[in-house]
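Student: I am new to this structure. Can you show me how to read its strands and its core?

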Amino acid sequence: MEQNYHLETLAIHAGQEPDPTTGAIMTPIYQTSTFVQTEPGINQGYEYSRSGNPTRAALEALIAALEGGKYGLAFASGLASMDTLMRLLNPGDHVIVGSDVYGGTYRLFERVLARFGLTFSWVDTSDLNAVKAALRPETKMVWLETPTNPLMSLADIRAIRDLTPANVIITVDNTFASPALQQPLLLGADVVMHSSTKYLGGHSDVVGGLLAFKDDGLYEQVKFLQNAVGAVAGPMDSFLVMRGIKTLSVRMERHSQNGLKIAQFLEDHAAVKRVLYPGLESHPQHDLARRQMKDYGGMVSILLESPEAAQRMVSRTKLFALAESLGGVESLIEHPYSMTHASTASSPIAVPPELVRLSVGIEHIDDLIADVRQALP
Ligand code: P1T
């Protein structure tokens, strides 16, 4: 696929050619574990579906194109992709991680990978001096989420690249923005990670993870690990993520329009103490958001008066379903302290109990605002 197509076009075509034998316009779901060989080692490009599968390969080429990279890899979940990537590191290596990240990221790093000798510093990555101060000779990776889950703070990817030694891998979890709004590889990151469960899949019907790379050497190492560890995306799930991605651009436009309107409504509401949304001028990093992002997406977090008020609101909405996850066409609401971020409780990165997180879907904005209004006092 020509790299100079726009993202809207790549989202529909990259990695996907009509099937040469039947003309099927959609990439077939190659639901097979193995591929017949004519002689040992002589095959048509595929041997065994953990090592490679044509449906997965199409998705891998697609995410590479969308992120402006050269290579992609697809996994069984976002966490599976992270776990595989982190196996690049060795005991004694040090990682700088944002102090506001998905709760499962904290759990994987501190409760699983720390047992294998990796050490983590949890740092406010919106503060460049704090990132600089946390660098050590043994630092091998900087892990950024931007915007962060759930406090919606930003990290300046280009500035962090500039202050970090070239041998330190910068990974950006781009789940909240999606490549339609932000392309970290083009800003200096080495690896982009996605929970494709979210905006890429877009329809709350699949769990998956993706990595994108621009560097041959890094890709080859993680490609080896993908096969050696084995947490690959299945063909059906790869198909679903690809189908979702076809409408990514139009969905992100509507998510962003609705997200801004909900954020503005909430900012004017007396029961809401603070709205965290990078598209609002009141966001402390609104200028960076304007530089780094094309639009601001559908994730909106708010602080209410008390933990009880937060619990009450999430139990009262009707259209906004009370559920973990985000990024689907339907609106969701949740209480991070007791749900998605429960694993960070009493840790240095615990989230405030009066916080409510909304994943604003693409329903009609008037219906969404009416629902939020009736759920607040
Ligand atoms: O759920 P999984 O596909 O394994 O992806 C994990 C993950 C990684 N990174 C970010 C920024 C995420 O938000 C997630 C998953 N998050 C939720 C389930 C949630 O409700 O926040």
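Tutor: Start with pairing. Two strands pair if DSSP finds at least two bridges between them. Keep in mind that this model is predicted.

Student: In which sense do strand β5 and β6 pair, and over how many bridges?

Tutor: Strand β5 (residues 169-173) pairs with β6 in the parallel sense, over three bridges. Look at V172: V192 in β6 stands opposite.

Student: In which sense do β6 and strand β7 pair?

Tutor: Antiparallel, over five bridges; strand β7 covers residues 209-213. M193 has L211 in β7 as its bridge partner.

Student: How do I read the faces of a strand?

Tutor: In a regular strand the side chains alternate between the two faces of the sheet. Now take β6. V191, M193 and S195 lie on one side, V192 and H194 on the other, and all are buried.

Student: Why is strand β6 largely enclosed by the rest of the structure?

Tutor: Five of the five residues of β6 (residues 191-195) are buried, so the strand is largely enclosed. Buried here means under 20% relative accessible area.

Student: What should I expect of nonpolar side chains?

Tutor: In soluble globular proteins, nonpolar side chains tend to be buried together. Here the largest nonpolar core has 68 residues, and L266 and I302 have the most contacts inside it. Domain 1 (7-245) and domain 2 (248-375) each supply at least three residues to this core.

Student: Which residues is L266 in contact with, leaving aside neighbours within four places in sequence?

Tutor: L266 touches V272, V275, V300, I302, L358, V372 and L376.

Conventions:
Residues numbered from 1 in each chain as written. Predicted model: local features only at pLDDT ≥ 70, side-chain atom pairs only at ≥ 80, totals over all residues. Heavy atoms only, no water. Core = buried A, V, L, I, M, F, W, Y, C linked by side-chain atoms within 4.5 Å. Buried < 20%, exposed > 50% of the residue type's maximum accessible area, 1.4 Å probe, protein only. Domains from an automatic or database assignment. Contact = heavy atoms within 4.5 Å. Helix = DSSP H or I, 4+ residues; strand = E, 2+ residues; numbered from the N terminus.
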